[in-house]
Amino acid sequence: MKKFNLFLGVFALLVFLASSAFAQEKMKKEDWENEMNRLNEQKQSLTKERDSLQGEVNRLKSTSVQSFDDCMNELYASVGATRGDVENFRRAVSELNGRIMRKESPKTDRQRELDSLKAMRISALPEFFDKVHNQMQRSLDAWNDIPAEKNYTVVRGDCLWNIAKKKDVYSNAFAWPKIYQANRDQIKNPDLIYPKQVFKIPNLTEDEKAQYEKMRRNYKPAPPQQTTKDQTTK
């Protein structure tokens, strides 16, 4: 009896394993069918895309292609220009841009020249439009145009020291020799200047500013001299 029960147990186990294997095999078949369906759909999609691309290739083959030179000539003609006109305009843009970058005064002249370039139809070409209408104008707008020199009219009581000390001149009295040197044709003696004389006030270079500023910082006024009264008191 004991052997019979053992036999039944082993038989039941074999039946269970056989059933499980059958289920797994069935599941694999379904997965395979699903994968086949997916691949078939993908194939159909790719075939459709291939046919579309082939149609585009055939269309392009039948289209006549214009040469690069012909395209450019057509573009230039659209603004009424020849290749020679474009070359001249390109050279003019380069030269003016150089003058703006170097800040060649007066600024008003550079603005007038730029406005002239803007007014030309060639400036509408893609090669020039942003350069002429935007970049160069921004450079001009950022240019703080300081005149190379200004004038000062002498009034009663002035001296070169006090003129140089004025805020709208140099704000530094020690820079008075600059005024003297720039107006030697009018100033024979730096201690003698006269009302209504008009002096040129040139800008100081950075080195001159540093030089006169150093002189101002190092200046030490002489001590006051003793008067006769002070000496008598002692």
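# Loops, helices and cores in a predicted chain

Guide: Ser171 sits in the loop that runs between α6 (160-165) and α7 (176-182), and please keep in mind that this is a predicted model.

Visitor: What's phi at Ser171?

Guide: Phi of Ser171 is near 55°, which is a positive value in a residue other than glycine; most residues other than glycine have a negative phi.

Visitor: And is Ser171 buried, partly exposed or exposed?

Guide: Ser171 has a relative accessible area of 42%, and because that value falls between the 20% and 50% cut-offs, the residue counts as partly exposed.

Visitor: Where is the cis peptide bond?

Guide: The bond joining Ser105 and Pro106 is cis, with omega at about 0°, and Pro106 belongs to the loop between α3 and α4.

Visitor: Switching to helices, how do α3 and α5 cross?

Guide: The axes of α3 (residues 83-101) and α5 (residues 129-141) come within 10 Å and cross at roughly 15°. Since angles under 35 degrees count as roughly parallel, that is how α3 and α5 are described, and the crossing in which α3 passes α5 is left-handed.

Visitor: Which residues meet there?

Guide: From α3 the contact takes Phe89, Val93, Leu96, Asn97, Ile100 and Met101, and from α5 it takes Lys131, Val132, Met136, Ser139 and Leu140. By type, the residues of this contact are eight nonpolar, two polar and one charged.

Visitor: Which residues touch the most other members of the largest nonpolar core?

Guide: Phe89, Val93, Leu125, Phe128 and Val132 do, in a core of 18 residues. Two or more residues each come from α2 (68-77), α3, α4 (107-119) and α5, and α3 gives the largest share, with five residues.

Visitor: What does Leu125 touch, leaving out residues up to four places away in sequence?

Guide: On that basis Leu125 touches Leu75, Tyr76, Val79 and Val86.

Visitor: How many residues are in the second core?

Guide: That separate core has 16 residues, among them Leu160, Tyr170, Tyr180 and Ile193.

Visitor: Stepping back, how many helices and strands does the chain have?

Guide: There are nine helices and two strands, arranged along the sequence as α-α-α-α-α-β-α-α-β-α-α. Of the 234 residues in the chain, 21% are buried, and among contacts between residues at least 6 apart in sequence, 58% join residues at least 24 apart.

Key: Residues are numbered from 1 along each chain as its sequence is written. This is a predicted model: local features need pLDDT of at least 70, side-chain atom pairs count only at pLDDT 80 or more; totals for chains, interfaces and linings use all residues. Side-chain values use heavy atoms; hydrogens and water are left out. Axes are lines fitted to C-alpha atoms, for helices over the stretch in contact, and angles run from 0 to 180 degrees between N-to-C directions. Helices (H or I, at least four residues) and strands (E, at least two) are DSSP runs, numbered from the N terminus. Angles under 35 degrees count as roughly parallel, over 145 as roughly antiparallel, 65 to 115 as roughly perpendicular and the rest as oblique. A crossing is left-handed if the near helix is turned anticlockwise from the far one by less than a right angle, and right-handed if clockwise. Contact means heavy atoms within 4.5 Å. Ala, Val, Leu, Ile, Met, Phe, Trp, Tyr, Cys and Pro count as nonpolar, Asp, Glu, Lys and Arg as charged, and the others, Gly among them, as polar. A nonpolar core is a set of buried Ala, Val, Leu, Ile, Met, Phe, Trp, Tyr and Cys residues joined through side-chain atoms within 4.5 Å. Buried means under 20% relative accessible area, exposed over 50%, partly exposed in between (1.4 Å probe, protein chains only).
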